[in-house]
Amino acid sequence: MKRLLTYGVPLRLVVVLLASAILCNAHAQTKEAWPSKPVRFVVPFTAGGSIDVLARLVGKHLETRLNQPIVVENRTGAGGTVGTDVVARAAADGYTLLFTAQGPLVLNPFLMKRLPYDATTFAPVTVVVEAPNVLVANKQLPVSNFEELRNFAKANPEKMTFATQGIGTTGHVTGELINQQAGTALTHVAYQGFPPGLTDVLAGRVSMMIGDTINLLPRIVSGQLRPIAIASTKRSAVLPNVPTFAEAGYPAIVSGPWYAVVAPAGTPIEIRRKLADEIRNVLGLRAERAKLKELGVEGRGLSPEEFDVYLKSEYKRWGGVIQKAGITLDK
């Protein structure tokens, strides 16, 4: 020790190394401790909607698994951009997360000229569930499958209208995807929400409707609407008797809402992997699988790495569809 004190430099080196070791250990403990306080799920849509219900359902189970409260906060406005921007500006520490449909991440960047955030910078966590879109027809339309519909559309283009919940919704862009892939000229009729569109389709004022399994499942099961095709890669467990567009020869017609969790850019991968794993465990619970089916959705539970690949592909795919169709939300 006298030699260390005499020469000075080695002692300072020891002090630096000890300090570095303490900091590294503290950093490791901080990462291991997540979460050590309540976690906030920001839902950029109104309370009571399907995504809000799902966020609260998942959050309830996560509270037990993570031993911390999960606070669901609805920050609505501008098609989901307000709440999404809140998360984009939050600290990248795993305590503020976005629980959202894909609109703010892969549709709005192409529907709006100016966004307050960069949609490509979020750190993926997981895709929680998906709700494929279904093309349904009123009982007056003399078709029972997509091939018949396509032939009827060519002969009667003036009769081929489809209702959706609004401009720029997944139903709208799905209709444009169908037009681009199948060579049809279906005319979009936008409504403010699902109920008024459904009313007009049931009354025969609009030929068809494109909506997700969450909204359409009860109407299909009751026989009010005739399902033509579902936009999923394989037959849905929610509607196993409805053929896919792929079965009709159009495998690229795959769409519908998916609900996911993303974090602010820079959120550590260890936190995101842990959260994705816990959400996947929740989706695997028998009672929750039954509840999800009842809601009209199917569990996914992607890893952050899988979601990263999927998110980039969805961004590119829908950007192309929207730009080709010329859809915009800017006035």
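1. Thr 170 is found in helix α7, in what should be read throughout as a predicted model. With a relative accessibility of 16%, Thr 170 counts as buried, because the cut-off for that class is under 20%. Leaving aside its neighbours within four places in sequence, Thr 170 is in contact with Gln 102, Leu 107, Asn 133 and Pro 257.

2. The largest pocket holds about 960 Å³ of space. It is lined by 38 residues, and those closest to its centre are Phe 45, Ala 101, Gln 165, Thr 169 and Thr 170, so that the buried threonine of the previous point, at 16% relative accessibility, returns here as part of a pocket lining. Two or more lining residues come from each of α3 (50–66), α5 (103–111), α7 (170–182), β8 (208–212) and α9 (213–221), and among these elements α5 gives the most, with 4 residues. By class, the lining of this pocket divides into 22 polar residues, 15 nonpolar residues and 1 charged residue.

3. The second largest pocket has a volume of about 220 Å³. Of the 17 residues that line it, Glu 130, Thr 233, Val 254, Arg 300 and Tyr 310 are the closest to its centre. Helix α12, which covers residues 304–325, provides the largest share of this lining, 4 residues. The lining of the second largest pocket has 8 nonpolar, 5 polar and 4 charged residues.

4. Ile 230 deserves a separate comment. This residue has its place in strand β9, residues 226–230, and it counts as buried because its relative accessibility is 0%. Not counting residues up to four places away in sequence, Ile 230 touches Pro 132, Asn 133, Val 134, Thr 213, Ser 236, Val 242, Pro 243, Thr 244 and Phe 245. Asn 133, listed here as a contact of Ile 230, is also in contact with Thr 170. The C-alpha atom of Ile 230 lies 8.8 Å from that of Ser 255, a residue 25 places away along the chain.

5. Which residues of helix α8 (residues 194–202) are buried? They are Phe 194, Gly 197, Leu 198, Asp 200 and Val 201. Seen down the axis of α8, these buried residues fall within an arc of 165 degrees, and they therefore line one face of the helix. The elements against which they pack are β6 (161–164), β8 and α9; of these, β8 and α9 are also among the elements that give two or more residues to the lining of the largest pocket. After α8 comes Gly 204, which has a positive phi, near 85 degrees.

6. The last point concerns an open sheet of 6 strands, whose order is β2-β1-β3-β10-β4-β11 and whose pairing is mixed. Strands β2 (70–74) and β11 (298–299) stand at its edges, and because each has a single partner strand, one side of each is left without a neighbour in the sheet. Strands of a sheet pair through backbone hydrogen bonds, in either a parallel or an antiparallel manner. For strand β4 (residues 123–130) and strand β10 (residues 258–263) the sense is antiparallel, and the pairing extends over 6 bridges. Within this part of the sheet, Thr 126 stands opposite Val 261 in β10. Glu 130, a residue of the β4 range 123–130, is among the residues closest to the centre of the second largest pocket.

Key. Residues are numbered from 1 along each chain as its sequence is written. This is a predicted model: local features need pLDDT of at least 70, side-chain atom pairs count only at pLDDT 80 or more; totals for chains, interfaces and linings use all residues. Side-chain values use heavy atoms; hydrogens and water are left out. On a 1 Å grid over the protein atoms alone, a cavity is a set of points where a 1.4 Å probe fits but cannot get out, and a pocket is an open set with protein on both sides within 12 Å along at least five of seven lines; lining residues have an atom within 4 Å of a point. Grid points are joined across faces, edges and corners, and a volume is the space filled by probe spheres set on the points. Ala, Val, Leu, Ile, Met, Phe, Trp, Tyr, Cys and Pro count as nonpolar, Asp, Glu, Lys and Arg as charged, and the others, Gly among them, as polar. Buried means under 20% relative accessible area, exposed over 50%, partly exposed in between (1.4 Å probe, protein chains only). Contact means heavy atoms within 4.5 Å. The arc is that of the directions from the helix axis to the C-beta atoms. Two strands pair if DSSP finds at least two bridges between them.
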